[in-house]
Amino acid sequence: MFCGHCGKQNPDNAKSCSGCGKQFDKTQFTRENTERIRLSNTQRISKPDLTHKVVPAVPTSPKPKRNLIAIIAGGILLLVLILVIALFHLKSWFGSKDNNGFVKIESSSSEIIQNEENKIMSANDWESYDGNWSAGGYTFSCEFDDGQIECTMRKDDKVWQSKAKIYSGEQSIKVEFDKKEVEFVALNMGKLRIIIDNKQYDAIRTNSLPPEADNSYIDDNNSYMFYSASSGTKTQNNNIIINDKSQMFWPLDKFAISTTDLDRLTKYEIDIIKNEAYARHGYIFVNEQWQEFFDEFDWYEKDSSFTEDRFSKLERQNLDTIILYQREKGWI
């Protein structure tokens, strides 16, 4: 038998171990038992429970991330769609404005009038819209008189002139400038809407004319020598007969001058009108010819402190119109 303490083999009838001297009890130790005891004391390793069948774990492959990929792709697609819609609306909004910031409305004049309170206009009503207007990058100098509109349209260095009949009761007037159709639509509160090539703009008045000013009043009182739509030129070979030393030549401070007006004047008369604007504010002329000319008039008073800051907005605009006209003619 084997010693349960040290594992040494001893005779079966031994009472103590010949190796360690350990006394044997009555229990009979077999080789198997003593080996189990020895291992238990030295290595402390227990035998596995063979009665319980251990099933090895089978490694599983990770599930495909198809659902997550589909969610991410759907989110990206939705975001792109939102951005496309937003950019389309931004483009539409910015594209609806011109260089001057006025909103353009693609609409016919009939649709416009339906959206505004109808305004029944007479030929006399249109006269309140005399003056200069700005719309769509163009400036318009309009005169509504004798049942018709005479208008000059300008943009940069280009100038167009035209006229059209005014029909009583009409809220709009169509005028054609060199194949470009322009429509003037009268609105309430003295507002004017101008349609250029089917694009609508809310016009801005660049100067306000006195409502009491009237051509016939000026002509009847013989206040201005050249201001008359039908008088034509009054000079010949740069000679002019002045019967009244209190007379002036053109009301540049009251009315807009147009290229239509300038077309019926001579080069000399246009020079007089331009220099008159300076003489009214006391400018002392370097050119002796003009100094002697305006010295003849009672209203002219020299002022050495003259500056161009004295010009009103309307006077500046009229002078620009004259200078541009003279350049186009090659006179300056």
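**The second largest pocket**

Tutor: The second largest pocket has a volume of about 250 Å³, the space filled by probe spheres set on grid points joined across faces, edges and corners. This is a predicted model, in which local features need pLDDT of at least 70, side-chain atom pairs count only at pLDDT 80 or more, and totals for chains, interfaces and linings use all residues. Residues are numbered from 1 along each chain as its sequence is written, and side-chain values use heavy atoms, without hydrogens or water.

Thirteen residues line the pocket, and T139, R154, Q317, D320 and T321 lie nearest its centre. (A pocket is an open set of points on a 1 Å grid over the protein atoms alone, where a 1.4 Å probe fits, with protein on both sides within 12 Å along at least five of seven lines; lining residues have an atom within 4 Å of a point.) Two elements, β3 (138-145) and α9 (313-329), each give two or more residues to this lining, and α9 gives the most, with eight. By class, the lining has six polar, five charged and two nonpolar residues.

In the chain, which has nine helices and ten strands (DSSP runs of H or I, at least four residues, or E, at least two), buried residues make up 37% of the 332 residues. C142 is buried, with a relative accessible area of 6% (buried means under 20%, with a 1.4 Å probe and protein chains only). The chain has zero disulfides, a disulfide being a pair of cysteine sulfur atoms within 2.5 Å. C142 is thus in none; the nearest cysteine sulfur, that of C151, is 3.1 Å away.

Definitions and conventions:
Ala, Val, Leu, Ile, Met, Phe, Trp, Tyr, Cys and Pro count as nonpolar, Asp, Glu, Lys and Arg as charged, and the others, Gly among them, as polar. Buried means under 20% relative accessible area, exposed over 50%, partly exposed in between (1.4 Å probe, protein chains only).
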